[in-house]
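Subject: Structure handover

Hi,

Here is the structure I promised to pass on to you.

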Amino acid sequence: MVASRDLHCPETCARRYFRVDDPTEHPDAQLSELEPARSNGAPTTPPSPSRGLGPLALVLGGGGARGAYQAGVVSAIASRFPTLELPILTGISAGAISTAFLAASGKSVREAADDLVKLWLSVASKNVYRVDTSSLLLNVARWGWRLVAGGLSDRTEHRQSLVDTTPLAQFLRSQLPTDANGGIAGIDQNIASGRLKAVALTATSYTTGQSVTWVQGRNLSLWERPQRRAEIVPLNIDHIMASSALPLLFPAIRVDKEWYGDGGIRLTAPLSPALHLGASRILTISTRYARTRAESDVPLIVGYPPPAQVVGTLYNAVFLDLIDQDIHRLQMVNKLLGKIPDAARNGMRPVDILVIRPSQDLGKMARRFEPSLPPALRFLTRGWGTRRTASPDMLSLMMFQPDYLRALIELGEADVAADWKRIEAFLHGARVAADVPAATILDEQAPRP
């Protein structure tokens with residue numbers, strides 16, 4: 001692989017593609033590195049002779065407790081496609097937890113996915129944050145004092161957040177053994193064996209304002225873009241905690257000399273890490289329900305918006321809108337390239353992507369399980385107005401309740417079963433509709449979009 005250079009195509013596409021003679025150049029998060037096509041190890045129906053199967057990446061975004069849905073989807077796919085291989089894994093926010101777990105497992109993807117479901121089923125609110133009344137009230141009191149203290153409270157450093165996530169760090173350490181240096185055990189072994197090419201977790205540095213992607217893998221080339229940088233590190237529990245630190249709700253995490261929060265805050269191109277790491281096919285699992293236009297026009301609140309609705313809207317913008325926009329851009333670029341003859345593409349090609357979404361609104365689902373929240377947390381969230389919105393998305397982020405998590409996992413499994421024809425075709429190398437609720441498979445021989 002040659003060194004990265006500032007090679008660009010004409011201005012209209014300069015920020016979107018790789019060149020063949022420079023596979024490390026990827027100014028934005030749209031097209032894959034153009035490495036020689038190679039099989040990802042999946043057997044069965046061979047792809048079209050004109051199309052090789054490149055490395056498949058699993059991209060898991062944020063969503064707090066909604067990450068259980070992603071676990072259900074991965075498990076269901078792996079059980080139906082037991083030879084599935086995922087050489088590239090990237091995670092953001094709650095997706096960082098599942099990503100690290102899969103990367104560290106020494107088992108097959110199918111067995112690791114089953115263990116991932118067990119992990120999520122073992123989670124409860126007490127494993128994620130302190131739910132005792134004294135802790136919650138103390139955090140609220142500190143917030144209130146900071147607001148009225150006129151800066152006097154700045155003389156002492158206190159972590160400002162709604163909840164204390166010390167239990168989450170303890171839970172992760174119990175589930176992810178570490179080596180003598182504190183790194184997550186198992187990742188290096190999987191990289192050395194060739195089962196794993198790279199794993200990446202992204203967080204936001206509150207100290208510098210940059211989006212930082214921590215990468216562990218083999219034959220890596222770092223990248224840097226405005227307000228984005230990559231670092232090669234041995235991943236540890238602090239990296240997971242930092243990536244999944246929901247702003248305001250969870251405390252910031254210190255890694256080396258910087259303080260970090262949720263990776264979704266500043267990562268404007270969520271597909272970018274996977275593509276920089278060499279993926280030419282992407283499987284991503286969204287936690288956003290695709291509302292119809294009629295559903296979108298139905299008001300979720302009556303009257304003035306409560307804080308829960310405002311925060312939920314902001315969080316959706318951070319964790320869900322950006323990846324949806326990145327997926328849309330990639331699809332538009334694929335269509336554009338489909339109108340250009342192969343000989344005129346100057347070494348550029350589309351990236352195959354498959355998006356799996358929930359068939360139900362996960363926020364509305366959370367509302368049904370709200371009575372099972374710990375009493376003190378339920379009291380606080382109701383004060384934020386979670387009962388005044390039809391889709392309390394903020395609540396769904398914090399609903400680490402076994403009944404809700406089980407329902408999400410079961411929904412993920414059901415959605416895979418309902419959409420299996422499209423998913424299976426994608427895994428076999430066929431061109432499929434990237435992001436549709438129904439199983440729509442396009443003609444393999446049709447012109448590339």
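Of the contacts in the protein with a separation of 6 or more, 71% are between residues 24 or more positions apart; contact here means heavy atoms within 4.5 Å. Please keep in mind that this is a predicted model, where local features need pLDDT of at least 70 and side-chain atom pairs count only at pLDDT 80 or more, while totals for chains, interfaces and linings use all residues. Residues are numbered from 1 along each chain as its sequence is written, and side-chain values use heavy atoms, with hydrogens and water left out.

The protein has 16 helices and ten strands, taken as DSSP runs numbered from the N terminus (helices: H or I, at least four residues; strands: E, at least two). Of its 449 residues, 56% are buried, meaning under 20% relative accessible area with a 1.4 Å probe, protein chains only.

Now to the inside. A nonpolar core is a set of buried Ala, Val, Leu, Ile, Met, Phe, Trp, Tyr and Cys residues joined through side-chain atoms within 4.5 Å. The largest one has 99 residues, and Ile 77 and Ile 240 touch the most other members. Helix 1 (residues 67-80) supplies the largest share of this core, with eight residues. A second, separate core holds 21 residues, including Trp 223 and Leu 271. Back at Ile 240, its contacts beyond four places in sequence include Ala 96, Leu 172 and Leu 201.

Leu 172 is also one of the buried residues of helix 6 (residues 166-175), along with Pro 167, Leu 168, Ala 169 and Phe 171. The buried residues of helix 6 pack against helix 2 (94-104), helix 3 (109-121), helix 4 (125-128) and helix 8 (237-243).

The strands are worth a look too. Strands count as paired if DSSP finds at least two bridges between them. Strand 9 (residues 281-285) runs parallel to strand 10 over five bridges, and Arg 281 has Asp 352 as its bridge partner. All five residues of strand 10 (residues 352-356) are buried: Asp 352, Leu 354 and Ile 356 point one way, and Ile 353 and Val 355 the other.

Elsewhere, strand 6 (residues 228-232) is joined to strand 4 (residues 211-217) by five bridges in the parallel sense, and to strand 5 (residues 224-225) by two in the antiparallel sense. Arg 229 in strand 6 is the bridge partner of Val 212 and also stands opposite Glu 224. Strands 5 and 6 form a hairpin with two residues between them, where Gln 227 has a positive phi of about 65 degrees.

Best wishes

Key
Buried means under 20% relative accessible area, exposed over 50%, partly exposed in between (1.4 Å probe, protein chains only).
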